[in-house]
Amino acid sequence: TLISRWEGTFHSVGQTNRLLQIEFNNASDSFIAAGPIKAKNLKFTSSSATFNVNSRQIDGDIDYAGLAGTITITSGTINGNISTTTNSTGTLNINGAANINGTIGAPSFAIKTLGIQASANFSASNDITVTNVTYSGAGTFNMNGNTLTAAAVNFAGKAGTLTINSGSISGNVSTTTTTSTGILNINGSPTISGNIGSLSMRLNTIGVGANANFTASNNIWATNVTYSGAGTFSIGSNTLTITSGTVSFASHAGTFALGSGGQLTGTINSGVVTSIIRVDGNSTITGNIGDTSRIRIDFSGDHTLTHGGTFLNVNGTTNTDGQGTISRNFAGAITHRNTAGSKTNRLKEYSWTAANSLTFDASNGGAIYALNLSNPSNPTQPIIAAGNATLFVNTSQPISINDTRSLTLEGGEYGGVIGSAVSNQNTTVIINGEVKNNKIIGSANPIRTLQIAADGKLTAGANIVVQAAGSVSYTGAG
């Protein structure tokens, strides 16, 4: 046993035959490894001693022995476990590409603080049990598939990165002093029991990896949520608040899920046709869904997605026929792009509430398949086919068709007037299913062409008005 009672530098210890034990005993001094050290145990016997590993190799276990000692390791290697005999004691600082080939802490005997400093680039080789993970710089800490058990993580206003795969954080993942700092990458199924970020101090980014299968236990505040693979990120019944950024699928086939009462305050975009919003309960997205890219919406049951954005670009919905509701509550005019529901599995309802129109996107048009399409508070507000539109719905709303656009009715009952937006426009209504109209088709602004397709069956409950230069034509045995 070597007992060090003074500040010292160890150049080479135990190289031929390793020692049984080295003790760090002086309360006010630090001990520096300037060469390789081999001992069965390295043990703190003073509560304020410090041990700087630097870029050297330590072969042996290190024991804080229930004391408040400090180890700082830069690019060195520790081949052994780091432990303590009293829970939440000892500090381990990492400030380089350190290698620790052993466990850090243990169940019921956590190391108090794991400090990630500015130059840290640390990938864990084993499980880690600590009370706190605290950043003092923009270091990187990757659990590398191992289990992290911690009471709390604090980025402390630094641009640090934590990648977590499994394990649990019983408290909050937070940042202090500077908002929009800290990156939390999730690439497994960890449990985080507390909040992630806060109202005044949000994280910069939550990264969702290819193997992520994460469900939040509490509220989340972040600038961005960004996918790097086809992982799943569920906010459950909690609120995710995005400020100044977006939830971005970044062209990955990821899944964003909301449970009963869940709310995304923000926008979600940059998807591919296999990106999914999964609705696991009545929930809300306050911002736009999709941008130039489409996002699929999956209803796991008869749930309602309340959408507060002006723009919805949806690549179809997956639902049982007659289940799932899209309720749009944006206060102004709203735009629909691409497809909601399907001909064989219609939504239960697609509705909007504002004293404004529902407009199909002029460039891409779209389709709505639902048992009901309505604006109950404003029954005179029109559905506008600014782009080619397809409907298989029951609706009493009037429908207006813009010049050179078509409206295809694949089924349903229509109780509102259907006509051109203004007179003498080149507009077409195509009947391609069993359709009943209870109000005039054509009205004061007649349509140019009425086509009856092969599967069309039109039961006219009111007049049909076609422009003098227009026509009624059959494209099949309808």
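The structure is a predicted model, in which local features need pLDDT of at least 70, side-chain atom pairs count only at pLDDT 80 or more, and totals for chains, interfaces and linings use all residues. Residues are numbered from 1 along each chain as its sequence is written, and side-chain values use heavy atoms, with hydrogens and water left out.

The protein has zero helices and 52 strands; helices (H or I, at least four residues) and strands (E, at least two) are DSSP runs, numbered from the N terminus. Its C-alpha trace spans about 105 × 40 × 30 Å along the principal axes. The radius of gyration is 32 Å, whereas a compact globule of 478 residues would have one near 23 Å; the radius is taken over C-alpha atoms, and the globule rule is 2.2 Å times the number of residues to the power 0.38.

Of the 478 residues, 53% are buried, where buried means under 20% relative accessible area, exposed over 50%, and partly exposed in between (1.4 Å probe, protein chains only). Contact means heavy atoms within 4.5 Å. Among contacts with a separation of 6 or more, 25% join residues 24 or more positions apart.

With this picture in place, individual residues can be visited. Alanine 124 sits in the loop between β14 (121-123) and β15 (128-135). Alanine 124 counts as buried because its relative accessibility is 1%. Beyond its neighbours within four places in sequence, alanine 124 contacts Asn142, Met143, Asn144 and Asn146. The C-alpha atom of alanine 124 is separated by 9.2 Å from that of isoleucine 104, 20 residues apart along the chain.

Asparagine 165 belongs to the loop between β18 (161-164) and β19 (166-169). With 13% relative accessibility, asparagine 165 is also buried. Not counting residues up to four places away in sequence, asparagine 165 touches several residues, including Asn142, Met143, Asn144 and Asn146, together with Asn187 and Pro190. A polar atom of the asparagine 165 side chain lies 3.3 Å from the backbone nitrogen of asparagine 144.

What strand holds serine 351? Serine 351 lies in β39, which covers residues 347-352. This serine is buried, since its relative accessible area is 8%. Leaving aside neighbours within four places in sequence, serine 351 is in contact with Ile326, Ser327, Arg328 and Ser374.

Technical notes
A polar contact is a pair of N or O atoms within 3.5 Å; within protein, one must be able to donate a hydrogen and the other to accept it, and residues adjacent in sequence count only if both atoms are side-chain atoms.
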